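Open the model in a viewer and keep the sequence panel to hand. The stops below are given in the order in which to select them.

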Amino acid sequence: MLPTTSLNSRSQGNGALSPRDAARHTAGAKRYKYLRRLFHFRQMDFEFALWQMLYLFTSPQRVYRNFHYRKQTKDQWARDDPAFLVLLSIWLCVSTVGFGFVLDMGFFETIKLLLWVVFIDCVGVGLLIATLMWFISNKYLVKQQNRDYDVEWGYAFDVHLNAFYPLLVILHFIQLFFINYVIISDSVIGYFVGNTLWLIAIGYYIYVTFLGYSALPFLKNTAILLYPFTLLIMLYLISLACGWNFTKMLCSFYKYRVK
């Protein structure tokens with residue numbers, strides 16, 4: 001069940017926010033409210049965050065319909081509840097520890113790997129991608145007749161987190177069961193299984209990202225966000241023809257980084 005929240009009060013008949021309400025809806029005010037809730041676990045809706053994680057795999061469109069609901073009730077597209085981020089962080093830690101165990105890393109090596117995955121792979125790359133997509137969408141995808149609207153940076157980061165979660169589960173959890181016995185081997189089946197999992201994971205990332213921006217009614221030509229699929233499939237076919245093993249390369253890179 002989706003939560004029900006009353007609509008924000010409007011002070012004018014044309015729907016404009018009063019100066020006091022407008023101050024509450026600035027980017028800084030929203031960011032402060034979000035960060036403050038990080039320290040109040042009882043105020044977080046973890047059940048709903050788990051619902052979102054489930055439907056990001058089975059029906060991601062339903063997740064973005066909830067973003068529409070949030071815009072109508074709270075006048076913002078981005079999440080105001082950090083529960084999803086907290087659960088994603090926990091899942092990231094657990095899966096990375098499992099990755100370190102499978103790669104036979106020591107305690108301190110696993111800690112280094114965890115710090116790398118959290119602050120570089122997730123946060124660092126996420127900030128870069130979110131900022132890039134925020135700029136591109138506001139610069140080139142906003143409809144001419146709706147210049148009063150823009151994509152919130154927080155929403156762009158939420159879209160990244162939504163797309164990153166399925167990728168994380170596929171590459172840092174499902175793949176773990178095949179690494180030592182199938183994928184890292186020098187056989188054809190090894191790099192076929194590994195590269196296919198990469199294809200599915202990155203394809204999921206592209207698709208969920210596309211859904212995130214196509215859900216915004218004031219954006220146009222969002223189908224161009226699906227164009228990387230062509231490059232992805234071409235790279236996948238080339239990797240099979242050349243015998244590249246992306247998972248083996250990733251494992252070697254991780255072991256090099258934690259030395």
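The model is a predicted one. Its secondary structure comes to 11 helices and zero strands. Colour by accessibility next: of the 259 residues of the chain, 44% count as buried. If you display contacts between residues at least 6 apart in sequence, 74% of them join residues at least 24 apart.

**Stop 1: H4 and H9**

Select helix H4, residues 60-74, together with helix H9, residues 188-214. Their axes come within 10 Å and cross at roughly 30 degrees. An angle under 35 degrees counts as roughly parallel, and H4 and H9 are therefore roughly parallel to each other. The crossing of this pair is right-handed.

Now show side chains where H4 and H9 meet. On the H4 side, pick Pro60, Gln61 and Tyr64; on the H9 side, pick Tyr207, Val208, Leu211 and Gly212. By class, the residues of this contact divide into five nonpolar, two polar and no charged.

**Stop 2**

How many salt bridges does the structure hold? There are four. Start with Arg70 and Asp80, whose side chains meet in a salt bridge at 3.9 Å, N to O. Arg70 lies in helix H4 and Asp80 in the loop between H4 and helix H5 (83-102), so this pair ties together parts that are 10 residues apart in sequence. Are these two residues buried or exposed? Arg70 is buried, and Asp80 is buried as well.

Move to Lys71 and select Asp75 with it. These two form a salt bridge, with the closest N and O atoms 3.4 Å apart. Lys71 has 24% relative accessibility and so counts as partly exposed. Asp75, at 16% relative accessibility, counts as buried.

Next select Arg79 and Asp158, which form another salt bridge; here the closest N and O atoms are 3.4 Å apart. This pair links distant parts of the chain, with Arg79 in the loop between H4 and H5 and Asp158 in helix H7 (residues 153-172), 79 residues apart. Arg79 is buried, with a relative accessible area of 5%. Asp158 counts as buried too, at 4% relative accessibility.

**Stop 3: H6 and H11**

Clear the view and select helix H6 (residues 107-141) and helix H11 (residues 246-257). How are these two helices placed relative to each other? The axes of H6 and H11 come within 10 Å and cross at roughly 110 degrees. Angles of 65 to 115 degrees count as roughly perpendicular, and H6 and H11 are therefore roughly perpendicular to each other.

Show the side chains at this contact. Those from H6 are Leu113, Trp116, Val117 and Asp121, and those from H11 are Phe253, Tyr254 and Arg257. By class, the contact of H6 with H11 has five nonpolar, no polar and two charged residues.

H4 and H9 cross at roughly 30 degrees, whereas H6 and H11 cross at roughly 110 degrees.

Definitions and conventions
Residues numbered from 1 in each chain as written. Predicted model: local features only at pLDDT ≥ 70, side-chain atom pairs only at ≥ 80, totals over all residues. Heavy atoms only, no water. Axes fitted to C-alpha atoms, helices over the stretch in contact; angles between N-to-C directions. Helix = DSSP H or I, 4+ residues; strand = E, 2+ residues; numbered from the N terminus. Parallel < 35°, antiparallel > 145°, perpendicular 65-115°, else oblique. Left-handed = near helix turned anticlockwise from the far one by under 90°. Contact = heavy atoms within 4.5 Å. Nonpolar A, V, L, I, M, F, W, Y, C, P; charged D, E, K, R; others polar. Buried < 20%, exposed > 50% of the residue type's maximum accessible area, 1.4 Å probe, protein only.
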